[in-house]
Amino acid sequence: MDYVKFGNTGMDVSRLCLGCMTYGVPDRGGHPWSLDEETSRPRIRQALEAGINFFDTANIYSDGTSEEIVGRALKDFARREEVVLATKVHGRMRPGPNGAGLSRKAIMHEIDASLKRLGTDYVDLYQIHRFDDDTPMEETLEALHDVVKAGKARYIGASSMYAWQFATMLHLSEANGWTRFSSMQNYVNLLYREEEREMLPLCEAEGIAVIPWSPMARGRLTRPWDTSTERSETDKFGRTLYEKTQAADRAVVERVGEIAKARGVPMAQIALAWVLAKPVVTAPIVGASKPEHLDDAIAALDIVLSDDEIARLEEPYIPHDIVGFR
């Protein structure tokens with residue numbers, strides 16, 4: 001496993017991050033395809049044994065049970081100081097006022113709730129899961145700064161939003177002496193490349209770590225277009241990402257299949273190798289519900305795509321509507 005600096009920080013992370021949305025009590029929080037704790041633990045242990053030290057979850061995943069399962073597994077299988085543990089805040093955790101969002105009240109409550117579920121005194125990376133239109137940026141940023149100064153988080157990060165919003169938040173942090181975002185977790189893969197227009201250049205210019213979510217398009221880039229899985233059949237959010245571009249997306253998937261066949265490797269390895277080839281990308285977030293999912297992700301680290309292969313993979317793409325910000 002290779003390790004790289006996390007943006008312009010001094011922290012080292014593995015070149016792959018294990019995404020833990022897959023792990024949680026099934027049917028909690030709208031994820032009927034989640035793996036229960038008994039099935040999840042071997043995947044987390046497999047990641048650790050492969051050298052992955054970076055684990056990403058969120059308070060909202062499976063109604064908090066993802067944090068509980070991940071926290072117990074890491075406590076049993078690893079030393080806390082050797083892993084980089086990330087979680088997120090924004091989504092609704094309870095009904096009624098202040099049960100979601102990025103107000104000071106919500107952030108201060110949710111960081112403590114996440115730490116309790118994770119069974120730790122701090123997280124290495126605390127991320128805002130989405131932008132909150134209803135809370136002043138200054139309120140959110142100062143609250144995050146106070147979380148860091150209280151020792152409850154080492155670094156802070158953001159997730160999918162417009163580049164102008166992220167740039168404004170970076171400016172406000174610098175102007176007020178608040179802790180600056182160290183990372184951007186955004187949606188980047190061969191089926192959705194809109195982040196290449198503004199967000200990725202911004203992150204590169206500002207020294208921001210980029211940790212893409214769904215680098216294999218929720219599995220669509222790992223199998224022939226006409227095949228499906230239990231998750232694809234029940235993933236309501238996933239279906240919203242590709243509703244208007246299916247013809248062009250199918251062409252991209254077929255191109256991945258052609259190159260994978262020529263190289264004699266699974267499609268997943270080609271799709272992930274394309275993301276890894278981008279210099280601005282720090283560590284793609286990969287999900288793993290089966291052993292071979294991690295095997296393919298690790299194997300992709302050794303695949304170097306030629307300029308011609310990259311051009312062929314990218315050629316069928318057409319502009320997409322902005323998605324994933326809500």
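Predicted model: local features only at pLDDT ≥ 70, side-chain atom pairs only at ≥ 80, totals over all residues.
## Helices α3 and α4

Let's start with α3, which spans residues 104–118, and α4, which spans residues 137–149. Their axes come within 9 Å and cross at roughly 30 degrees. Angles under 35 degrees count as roughly parallel, so α3 and α4 are roughly parallel to each other. The crossing of these two helices is right-handed.

Which residues make the contact? From α3 come Arg104, Ile107, Met108 and Ile111, while α4 supplies Glu139, Thr140, Glu142, Ala143, Leu144, Asp146 and Val147. Sorted by class, the contact of α3 with α4 has six nonpolar, one polar and four charged residues.

## Helices α10 and α11

The crossing of α10 and α11 is right-handed.

On the α10 side, the residues in contact are Ala268, Gln269, Leu272, Ala273 and Leu276. They meet Asp296, Ala297, Ala299 and Ala300 in α11. The classes in this contact of α10 with α11 are seven nonpolar, one polar and one charged.

If you are planning to look at the cysteines, how many disulfides does the model have? The count comes to zero. A disulfide is a covalent bond between the sulfur atoms of two cysteines, and the cut-off used here is a pair of cysteine sulfur atoms within 2.5 Å.

Take cysteine 17: its closest cysteine sulfur belongs to cysteine 20 and is 7.2 Å away, which is too far for a bond. Cysteine 17 counts as buried because its relative accessibility is 0%. For cysteine 203, the closest cysteine sulfur is in cysteine 17, at 16 Å, so this pair is also too far for a bond. Cysteine 203 has 1% relative accessibility and therefore counts as buried.

## Serine 62

Where does serine 62 lie? You will find serine 62 in the loop between β4 (54–56) and α2 (65–77).

Leaving aside residues up to four places away in sequence, serine 62 touches Tyr23, Gly24, Val25, Arg28, Gly29, His31 and Ser34.

Terms used: Residues numbered from 1 in each chain as written. Heavy atoms only, no water. Left-handed = near helix turned anticlockwise from the far one by under 90°. Helix = DSSP H or I, 4+ residues; strand = E, 2+ residues; numbered from the N terminus. Contact = heavy atoms within 4.5 Å. Nonpolar A, V, L, I, M, F, W, Y, C, P; charged D, E, K, R; others polar. Buried < 20%, exposed > 50% of the residue type's maximum accessible area, 1.4 Å probe, protein only. Axes fitted to C-alpha atoms, helices over the stretch in contact; angles between N-to-C directions. Parallel < 35°, antiparallel > 145°, perpendicular 65-115°, else oblique.
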